[in-house]
Amino acid sequence: LRITYNSDEGESSYFFGSFASREEAYQLSTRLTAVATALVEMGEGDEKTKTASSAPDIPPDTVIKTKMETILSKRIKNCSIQQFYEIVWSEGNRTNQKPFYGPWLEEQGSMNVAVGEWEFSEEGASSFENEWCGEKFHQKRTVDFEFERTTHLYIGPPIAGVHQTQYCRVEGNDKCVLAISVAMSGIPYADTFAVECRWVARRVGSNDIAVDVGVYVNFKKSNMFAAKIRSGTTTETKPVHLKLFESARKACAAAGGEEGAIEEESEEEVEEEEIPEKKPHEIIIDFFTQQIKDVIQNPQENTEKLTFVAVVLLSLVFRYLFGYGRQSGVAQQEPIPRSLDTETLEQKVEDLTAEVQKIRLALEQMLVVMKENSNAGSISSSCDAS
């Protein structure tokens with residue numbers, strides 16, 4: 001090791017010493033430099049991993065929390081937002097994935113399924129607006145199919161038609177929103193309401209997603225069956241979305257390998273309450289009870305409803321006494337069992353008499369209230385005229 005420098009006397013130098021083996025010293029210094037560089041790079045990598053894993057989770061969707069009824073909230077592990085979109089919603093449009101939604105509808109027994117191609121807005125633009133939520137989306141498509149009804153007031157044809165308008169927006173690797181506006185046909189009062197569904201997949205942790213699903217019944221016209229339509233829609237919709245999620249989870253697992261996309265219950269898991277399904281006659285009784293309450297509270301604004309309730313109640317009493325209705329022109333009266341003794345018959349007659357008496361009292365009360373309101377209105381008109 002020699003140090004050379006300039007001085008007033010000219011160039012001078014100091015000799016400190018030399019390596020016994022110059023080549024071995026060079027190789028050692030080269031290896032030490034490579035190790036130092038690798039340690040620095042490893043440190044930088046750990047910082048990046050730490051930053052990614054410590055990134056805050058994407059919060060729950062505001063629209064679902066504030067405007068809709070949450071019917072599903074679950075988690076899928078080892079799945080990214082982009083993977084979820086491509087596997088579940090892309091239907092192979094601009095991706096290499098095979099169709100998923102259309103085949104799934106057919107597996108569930110839906111008929112005449114037609115899944116349209118995605119329409120894409122211009123790059124960087126969100127030109128498709130969902131009228132109900134007011135949000136804009138990057139993609140839009142329509143889906144049509146028919147299905148066999150299970151409830152929904154037990155009125156109308158057994159087959160219903162569905163027209164879905166779907167809007168989709170992928171927000172990087174943070175969030176994927178699918179908004180579905182559903183219009184139905186073939187069911188009573190189908191023109192008075194639409195159903196809004198919303199699937200939101202959001203990033204939690206570094207490589208997991210949480211999937212939240214909300215439903216809202218949007219009434220466009222006044223409907224006296226609103227409460228039953230809302231509850232019936234929720235009853236029919238929830239198991240459908242649960243099945244769709246389970247199929248989506250399995251599809252993501254298959255794409256990610258045997259260890260991928262294993263479902264884990266979310267902290268926000270919605271508790272599934274077992275609500276016993278009411279029988280048709282129980283639904284009818286609840287409905288007419290509510291109608292009678294409405295008439296009693298405000299008889300002047302519910303005169304048409306009063307007439308409707310009275311006629312239907314009398315019809316039900318008549319049919320109860322003389323047998324049930326007809327189907328395809330053939331009487332369907334239930335035969336009285338031979339084992340039915342006199343005491344049982346007497347009890348049934350007494351029960352029926354009590355029910356008729358209650359109906360009569362309710363109708364008389366409604367008529368009295370209406371008469372009083374009518375007289376009050378006549379007196380007021382006379383005073384105004386004088």
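Me: Which residues form the covered face of strand β8 (residues 139-148)?
Reply: This is a predicted model. In a regular strand the side chains alternate between the two faces of the sheet. In β8, the uncovered face carries K140, T142, D144, E146 and E148. The covered face is formed by Q139, R141, V143, F145 and F147.

Me: Over how many bridges do β8 and strand β9 (residues 159-171) pair?
Reply: Residue K140, which belongs to the uncovered face of β8, stands opposite Y167 in β9. The two strands, β8 and β9, run in the antiparallel sense, and the number of bridges over which they pair is 10.

Me: Which residue of β8 stands opposite F120?
Reply: Strand β5 (residues 119-120) also has β8 as a partner, in the antiparallel sense and over 2 bridges. Opposite F120 stands Q139.

Me: How many disulfides does a search of the whole structure find?
Reply: A disulfide requires two cysteine sulfur atoms within 2.5 Å. The sulfur of C176 has its closest cysteine sulfur in C168, at 4.1 Å, which is too far for a bond. For C252 the closest cysteine sulfur is that of C79, at 3.9 Å, again too far for a bond. The number of disulfides found in the whole structure is 0.

Me: Is C252 buried or exposed?
Reply: A residue counts as buried under 20% relative accessible area. C252 has a relative accessibility of 4%, so the residue is buried.

Me: What is the relative accessible area of C176?
Reply: The sulfur of C176 lies 4.1 Å from that of C168. C176 is a buried residue, and its relative accessible area is 1%.

Me: Where does S90 lie?
Reply: The relative accessibility of S90 is 0%, so S90 counts as buried. Helix α3 covers residues 81-89 and α4 covers 101-107. S90 lies in the loop between α3 and α4.

Me: Which residue's side chain does a polar contact of 2.9 Å join to that of S90?
Reply: Not counting residues up to four places away in sequence, S90 touches Y85, T95, Q97 and W118. One of these residues is also joined to S90 through a side-chain polar contact of 2.9 Å, namely T95.

Note on methods
Residues numbered from 1 in each chain as written. Predicted model: local features only at pLDDT ≥ 70, side-chain atom pairs only at ≥ 80, totals over all residues. Heavy atoms only, no water. Buried < 20%, exposed > 50% of the residue type's maximum accessible area, 1.4 Å probe, protein only. Helix = DSSP H or I, 4+ residues; strand = E, 2+ residues; numbered from the N terminus. Polar contact = N/O pair within 3.5 Å; in protein donor to acceptor, adjacent residues only side chain to side chain. Contact = heavy atoms within 4.5 Å. Pairing = 2+ DSSP bridges.
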